[in-house]
Protein chains: 2
Amino acid sequence: MSKGEHTRQLIVSRALAMAHRVGLEQVTLGSLANELDLSKSGLFAHFESKEALQLEVIAEVVAQFTRTVVLPALGMSRGSERASTLFKGYLRWIHGRPQSESGTTGCMFVALTYEYDDRPGPIRDAVLAAQREWLDALARVAKSAVDYGMFSPHVDPRQFAFDFEGIIMSYQFALKVARSRAAEPMARRAFTELLARCTAR
Amino acid sequence: MSKGEHTRQLIVSRALAMAHRVGLEQVTLGSLANELDLSKSGLFAHFESKEALQLEVIAEVVAQFTRTVVLPALGMSRGSERASTLFKGYLRWIHGRPQSESGTTGCMFVALTYEYDDRPGPIRDAVLAAQREWLDALARVAKSAVDYGMFSPHVDPRQFAFDFEGIIMSYQFALKVARSRAAEPMARRAFTELLARCTAR
């Protein structure tokens, strides 16, 4: 990695940490330059605009999610094992995320969705594209399990993705908003039920 | 209703409409006085602070939710019928809500949760209390169905509430964020599955 790439990487990871605290929209080149002890023009040498930096931050969140949640599942065998690995990885991703000042945020994608829901533009498009890709990936996991006979032929891959995401969202709410200690056991039970439906003959 | 109560009611409903557009935190007595063609001191005669007005707006959302979603279910017989009426009412509530400028918000409680997640204080407490009451109500619906033999004795009322909310959240995401046309059929199918599990012997 060249020195330039290294600095660029450092800027993105600081920007991401700042976005976790105050929201991505509040990550300005000025405040970031301050925090990194760089000049604003030094920052501009790496990112021509605030928007370019924000898009890079989203790409970094996607890369982290892929490493933490998606890649570990690819080595698993099709069907229940692969789906369970995705599920456990996603619980860890939500549980272990840095929280906002008061501690409710959890998943950065959910935070970004609500931060940008009334701000149309390239940032919101990037967030939505990432979420669509994830739902497609979930549906593909179910489809390949059906194709190879691990899941019942009655399983609708899109419905699987819908049900999977519902459990995750209810978990995130129970854990981060309602602060329920039962969040994880309830999520696991719901997921066990989902798998049982998928594998029922 | 006295003239004073009438004005008070009008102020709250305008404030709620404004909150749907710009978020509850942006509803200031100044901007509201402007919109209602009242003096700021005229407004102060009805609400001693911005916070008092915001709490009243939340109480109004709770009242609307109760009228639209909860009350119609109370007349239904215990178990599947009552749960289904709640579910259909909730889908309507999300589907028919006024949207934010770009149209993604949907349920005011979800919007409020994310708006106040890093703003501890009485507003966030009121939002959380309303959500907790709703989850308790859902759990009570399941418990009474178990007690009267309409649901299987294996049904855990808290798990029922967790699963129910998961379907609702995934529906809201599919409808308002991903704009999927399959949002409603997928939500209905997921709910049919949930009821089938609850009534299985």
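This is a predicted model: local features need pLDDT of at least 70, side-chain atom pairs count only at pLDDT 80 or more; totals for chains, interfaces and linings use all residues.
Residues are numbered from 1 along each chain as its sequence is written, chains are lettered from A in the order in which they are written, and side-chain values use heavy atoms, with hydrogens and water left out.

The contact draws 40 residues from chain B and 40 residues from chain A, where contact means heavy atoms within 4.5 Å. Because 100% of the interface residues of chain B are also interface residues in chain A, the copies meet through the same surface.

How are the two chains related? Two copies of a chain are related by a rotation about an axis and a shift along it. Here, a rotation of 180° with 0.0 Å of shift along its axis places chain B on chain A with an RMSD of 0.0 Å. That is the relation of a two-fold axis. The superposition is by least squares on the C-alpha atoms of residues with pLDDT of at least 70 in both copies. To find the axis from chain B, look at B:Gly166, whose C-alpha comes closest to it among that chain's residues, at 2.0 Å.

Now for the charged pairs. Between chain B and chain A there are 4 salt bridges, each a side-chain nitrogen of Lys or Arg within 4 Å of a carboxyl oxygen of Asp or Glu. In one of them, A:Asp156 pairs with B:Arg189, with the closest N and O atoms 3.3 Å apart. A:Asp156 sits in the loop between α7 (122–147) and α8 of chain A, and B:Arg189 in helix α9 of chain B, so this pair joins two chains. Helices are DSSP runs (H or I, at least four residues), numbered from the N terminus. B:Asp156 and A:Arg189 also meet in a salt bridge, at 3.3 Å from N to O.

Finally, which residues lie nearest the centre of the largest cavity? They are A:Asp163, A:Ile167, B:Asp163, B:Ile167 and B:Arg197, out of 14 lining residues. Elements giving two or more residues to this lining are α8 (157–177) and α9 (183–199) of chain A, together with α8 (157–177) and α9 (183–199) of chain B. A cavity is a set of points on a 1 Å grid over the protein atoms alone where a 1.4 Å probe fits but cannot get out, and lining residues have an atom within 4 Å of a point.

Methods:
On a 1 Å grid over the protein atoms alone, a cavity is a set of points where a 1.4 Å probe fits but cannot get out, and a pocket is an open set with protein on both sides within 12 Å along at least five of seven lines; lining residues have an atom within 4 Å of a point.
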